[in-house]
Amino acid sequence: MYISEEKKKDLEKKGYRFAGENLHAGNKICHWTRKSIVDDGVCYKEEFYGIKSHRCLQMSPAIPYCQHKCLFCWRDTELTQTSWDTDDYDDPKTIIEDCIENQKKLLCGFFGNDKANPKKLEECVKPNNAAMSLAGEPLLYPDINQLIEEFGKMDFTTFLVTNGEAPDKLAQLEDAEPTQLYVSLDAPNKEVYKKTCLPQVPDGWDKLQESLELLSTLDTRKVLRITSVKDLNMVHPEEYAKIINKYDVDYVEIKAYMYVGDSRNRLKWENMPKTVDMHEFTKSIADNTSLGIINEVEKSRVLLLGSKQPKKYNK
């Protein structure tokens with residue numbers, strides 16, 4: 001998909017940096033990476049799973065490609081293309097090398113910051129986790145398996161987030177599984193799904209169910225992520241629970257929508273649930289499953305459902 005020079009400049013102004021030559025891959029420094037370097041807090045993924053926020057590479061190999069235009073998405077959904085429409089794309093090694101170089105340049109200002117933790121300062125330019133969640137649907141990148149493999153060769157852990165709309169590509173991950181696989185479950189049924197995710201492909205709900213069915217064939221940690229939007233998809237907790245009970249999942253993250261980025265053009269401040277709303281909603285789901293609430297990061301308004309504490313990576 002061609003990204004105009006105007007869009008490219010707009011994304012760069014928002015902190016994106018592109019990798020390769022074809023303007024489909026890139027990275028952006030996470031809010032929590034910056035905070036961690038100055039010891040002002042860490043991402044909930046560090047609290048839950050041990051991923052070091054100051055060494056996390058927030059990236060995407062498919063920035064302008066996605067099958068959804070979710071109302072809660074903080075990115076510019078005008079860029080959305082539902083399938084790869086060109087034979088020109090960058091190879092995994094180039095993407096990774098360029099993203100790491102981007103990370104170094106974007107963080108260089110911290111080397112003059114007296115508040116920066118010296119040890120973290122040394123480590124932050126050597127990322128060791130790839131969070132494939134920045135924008136777009138990573139499974140649409142034609143060489144996604146090779147990208148995961150290349151990260152593995154460089155001793156990265158890989159956290160991949162998919163919307164579940166490419167079950168054929170998900171099935172192929174058996175040959176190159178990420179360290180942790182997220183599947184977004186942002187609705188309890190087809191009707192709410194259409195209102196919340198604005199699918200751009202036919203049979204989106206059915207494709208999601210097919211992806212969930214495939215989870216039992218994958219030998220990696222599997223997490224369902226529910227982005228909770230007040231007055232939109234925080235309904236029918238028993239139906240969410242039914243889906244959770246039906247499929248092979250290890251954990252469920254239930255996270256509050258945040259009123260940030262381009263989502264502010266589609267939703268209101270009031271759509272951001274409060275902590276009490278999150279507790280009530282999560283408990284209603286948990287009460288209908290065999291999972292319990294095993295962790296919470298209140299500052300991020302995210303709760304974790306599971307049967308035991310997860311193993312922590314990158315200690």
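## Packing of helix 4 and helix 6

Axes here are lines fitted to C-alpha atoms, for helices over the stretch in contact, and angles run from 0 to 180 degrees between N-to-C directions. In this predicted model, helix 4, which spans residues 92-107, packs against helix 6, residues 144-153, with an angle of about 55° between them and their axes 9 Å apart. Helix 4 is therefore oblique to helix 6, and the crossing in which helix 4 passes helix 6 is right-handed.

From helix 4, the contact draws on Pro92, Lys93, Ile95 and Ile96, while helix 6 contributes Gln146, Leu147, Glu150 and Phe151.

The model contains an open sheet of 10 strands, whose order is 1-2-3-4-5-6-7-8-10-9 and whose pairing is mixed. Strand 1 (17-19) and strand 9 (292-297) form the edges, each of them pairing on one side only. On average, and with direction ignored, neighbouring strands of this sheet are turned by 25° against each other.

## Strand 4 and its two neighbours

Within this sheet, strand 3 (residues 56-60) and strand 4 (residues 129-132) run parallel and are joined by four bridges. Along this pairing, Cys56 stands opposite Asn129 of strand 4, and Met59 stands opposite Met132, likewise in strand 4. Strand 4 also pairs with strand 5 (residues 157-162), again in the parallel sense and over four bridges, and here Ala130 has Thr158 of strand 5 as its bridge partner.

In a regular strand the side chains alternate between the two faces of the sheet. Which residues of strand 4 lie on each side, and are they buried or exposed? Asn129 and Ala131 lie on one side, Ala130 and Met132 on the other, and all of these residues are buried, leaving both faces of strand 4 covered.

## Ser36 in helix 2

Ser36 belongs to helix 2, which covers residues 31-37. Its relative accessibility is 0%, and because the cut-off for a buried residue is under 20% relative accessible area, Ser36 counts as buried. When residues up to four places away in sequence are not counted, Ser36 touches Gly41, Val42, Ser53, His54 and Lys120.

Definitions and conventions: Residues numbered from 1 in each chain as written. Predicted model: local features only at pLDDT ≥ 70, side-chain atom pairs only at ≥ 80, totals over all residues. Heavy atoms only, no water. Buried < 20%, exposed > 50% of the residue type's maximum accessible area, 1.4 Å probe, protein only. Contact = heavy atoms within 4.5 Å. Parallel < 35°, antiparallel > 145°, perpendicular 65-115°, else oblique. Left-handed = near helix turned anticlockwise from the far one by under 90°. Pairing = 2+ DSSP bridges.
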